[in-house]
Amino acid sequence: MNVQVRVFCLTALLIVAGSLAARADLLTNNFWVNPFFEIGSNLDQTDGTVANWNRGGGDPTICQVITNNSVSPTHSLALIDTNTSDSGYGEWYSDVSLSGNANPGDALDIQWYQMYNLSGPEMRLTVLFLDVSNNVINATHFVTAGTSSPGWVSTIENSTFTKRNGSLTVPCGAVTMRCSLVSGGSATITGVLVIDDLSVAVHPSTIVYPPTVLACNFFPNPTFEVGANLDNPSNASPAGWSRGGNDSSIDQVTTNNSVSPTHSLALVDNSFGYGEWYQFLPLCGIVAGDTLQVQFFRIYHIFDANGATNASMRLSLAFIDVNGFALTNTDFNAYGDTPGWTGSIATSPFERVTGTLVVPVGTVQLRANFASGGDGSVIGTIVIDDLSVAVLDTEAPQVACQPAPNPSGKKIPPSGKNGNVGNPDGYFQLLARDNCDPNPAIYVQDTGSSFRAGPFADGDIVKLVRNPGGPAFSSAGTPPIVAIIHLIGDGLVIAVDADGNETAAADGCLMQK
């Protein structure tokens, strides 16, 4: 009977949710539970129970359900904080399982409506990802800006909500996603923060990464093309990144110049403050002693307002232990003007930057900081794009070859082991795959000379011609034949990946006519 009650309640919850979703402004394919706060008990009381939401913090009475204003029919979630004691903060929090909703590596869109009026900055919506033991893997903070939202007038009743969008990346090891609405910060901060229509959905993505991103890259959103409001420099939310520093207006996304299609990450510092983009990336499947390759592209124009000659901005990568301490930190500093600087970001060429890092013992996270920090007098602009990180690849591609039909007769001759006998017409299809490089280059090595034909692509068909007296050479074929290869000896198929790893001769595929 208890099971039947639970099933009935869940069914009722879904029916009501579906009805309300039709009237609310939610993301398509939203998977957040009770996003409009219309399901629960005693919801017309400020201490009502909101389904799938819990109260926390030092003063749970700050966490209220209100009917004063809303986007969806009648209710909103609120923090009404008048408590200035050290423990005077409230927190609404809600957990949703990622099982069946999202997978590690997925980019997520998040959207909600908010209004606020505070005595000072800041309150926030924080998104946390938890592992199977309920440990926090990482957190992204969407903080309020200034002391009042754009639609604030004087009260909750006469003010209007403002829509806000963000973007996140599901880290490896995450099984639960948590949204926390928090009045925490300085204990002296008081005021109200109200939200409604909170929705989360997997970002639809068909992005193919360009060759400027390292093969086997594991760094999320390397091209900065996934996120929310990306064409709005100051309000953009690139997936995986959070704003920091004492002047977050410095942290921007720009379309002025880019390596990949349209967007780059930027620091535009014209103040005596500093800005910072940052993220914490859990490292799964990467162990102490692994060598990581780093590559990114940058343009910069940096100087000191007081005339100092060592003004710099930087991208920093640090390995973090379980206690949050940096084990090692590597700064990729930029000074002065990027090579080829023309006087503007829009017309200047990008500089390619590379490096290697060795993962130290005790590492659990990789922290990335893109910062204009340093002396307050350091000002200027720096832009980065196509930031990728990959474990150094030392594995050679695997190759195969198989008889292909004679285009005239369409008949595939019989073959022996490894496709190397019984093929008098000499047509072969070349095959290769690699653990990192999706398109390894295939070559046909002449066993009777130093001649090597290629490069060819996976699936290409070639015709092998024996020419014992020489010379060895290759010429273009007639489609579907890519090339006609004249060899003194036999043909040994090998492949080379983007990192220069080459198939050993013993692992190659021998083609014999």
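1. Cys172 is partly exposed, with 23% relative accessibility. Its disulfide partner is Cys284, at an S to S distance of 2.0 Å; Cys284 is also partly exposed, at 42%. The model is a predicted one. The link of Cys172 and Cys284 is right-handed, with 90° about the S-S bond. Cys172 sits in the loop between E10 and strand E11 (176-182) and Cys284 in the loop between E18 and strand E19 (291-304), so the bond ties together parts 112 residues apart in sequence.

2. The structure has three disulfides. Counted along the chain, the bonded cysteines follow the pattern 1-3, 2-5, 4-6.

3. Another of the disulfides joins Cys216 to Cys436, with 1.7 Å from S to S. The torsion about its S-S bond is about -85°, so this disulfide is left-handed. Cys216 lies in the loop between strand E12 (191-202) and strand E13 (227-228), and Cys436 in the loop between strand E26 (427-433) and strand E27 (441-446), 220 residues apart. Cys216 is partly exposed at 33%, whereas Cys436 is buried at 13%.

4. Cys401 and Cys509 are also bonded, their sulfur atoms 1.9 Å apart. This link is left-handed, with -75° about the S-S bond. Cys401 is in strand E25 (residues 398-403) and Cys509 in strand E33, so the pair ties together parts 108 residues apart in sequence. Cys401 is buried at 7%, and Cys509 is buried at 1%.

5. Strand E33 belongs to an open sheet of four strands, in the order E28-E27-E32-E33, with antiparallel pairing. Strand E28 (452-456) and strand E33 (509-511) are the edge strands. The twist from one strand to the next averages 25°. E33 pairs with strand E32 (residues 491-496) over three bridges, and Cys509 is the bridge partner of Val493.

6. Which cysteine is in no disulfide? Cys63 is in none; the nearest cysteine sulfur, that of Cys179, is 15 Å away. That distance is too far for a bond. Cys63 is buried at 1%, and Cys179 is buried at 0%.

7. The largest pocket has a volume of about 870 Å³. It is lined by 33 residues, and the closest to its centre are Val143, Thr144, Ala145, Arg164 and Arg243. The lining divides into ten nonpolar, 18 polar and five charged residues.

8. The second largest pocket has a volume of about 530 Å³. Of its 29 lining residues, Gly105, Thr169, Phe218, Phe219 and Pro220 are closest to the centre. Its lining holds 21 nonpolar, seven polar and one charged residues.

Technical notes. Residues numbered from 1 in each chain as written. Predicted model: local features only at pLDDT ≥ 70, side-chain atom pairs only at ≥ 80, totals over all residues. Heavy atoms only, no water. Pairing = 2+ DSSP bridges. Helix = DSSP H or I, 4+ residues; strand = E, 2+ residues; numbered from the N terminus. Axes fitted to C-alpha atoms, helices over the stretch in contact; angles between N-to-C directions. 1 Å grid on protein atoms, 1.4 Å probe; cavity = no way out; pocket = protein on both sides within 12 Å on 5 of 7 lines; lining within 4 Å. Points joined across faces, edges and corners; volume = space filled by probe spheres on them. Nonpolar A, V, L, I, M, F, W, Y, C, P; charged D, E, K, R; others polar. Disulfide = S-S within 2.5 Å. Buried < 20%, exposed > 50% of the residue type's maximum accessible area, 1.4 Å probe, protein only.
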